[in-house]
Amino acid sequence: MARKEAWEAFFNRGDSAAVADLYSQNAELVMSGAPPIHGRQAIQAAVAQMVKSGVKVRIEVDRSVAAGDVAYFFGPYTVLQQQKVIERGTYLEVWHRHHGQWLLDLDVNATGAPIVGTSQQ
């Protein structure tokens, strides 16, 4: 799904508005250690803050399943700062086809073990 692959590209070029447009109006973004973020506007604000920090992401897909108007993706992600890995974790995304367009309804990210040599220790 091209829209799924666009998340990483939009984020890494610093386009929080384009990232937010991948989410449904009532989407939820859940990240380890933080309260859930509800709604496209709030998600855009959160993504804008991440972009401002200068990090980049790599997102892989280990599993994907689609049935009718619902699809999910699961896999590892990596966060880099100045090309150095600062975080690794796993994600689960639930996409739903709304009026013919695939949108993210639920995006859950779970941080893995701390990376040696980072402030996560």
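1. You'll find Arg-58 in strand 3 (strands are DSSP runs of E with at least two residues, helices runs of H or I with at least four, numbered from the N terminus).

2. A quick word on the source: this is a predicted model, where local features need pLDDT of at least 70, side-chain atom pairs count only at pLDDT 80 or more, and totals for chains, interfaces and linings use all residues. Residues are numbered from 1 along each chain as its sequence is written, and side-chain values use heavy atoms, with hydrogens and water left out.

3. What does Arg-58 touch, leaving aside its neighbours within four places in sequence? Its contacts are Glu-8, Pro-76, Tyr-77, Thr-78, Leu-80 and Val-85 (contact means heavy atoms within 4.5 Å). Arg-58 and Glu-5 sit 53 residues apart in sequence, and 11 Å apart in space, C-alpha to C-alpha.

4. Now look at helix 1, where Lys-4, Ala-6, Trp-7, Phe-10 and Phe-11 are buried. They cover an arc of only 150° around the axis, so they lie on the same side of helix 1 (the arc is that of the directions from the helix axis to the C-beta atoms). Ala-2 and Glu-5, on the other side of helix 1, are exposed.

5. Just past helix 1, check Gly-14: this residue takes a positive phi of about 85°.

Conventions: Buried < 20%, exposed > 50% of the residue type's maximum accessible area, 1.4 Å probe, protein only.
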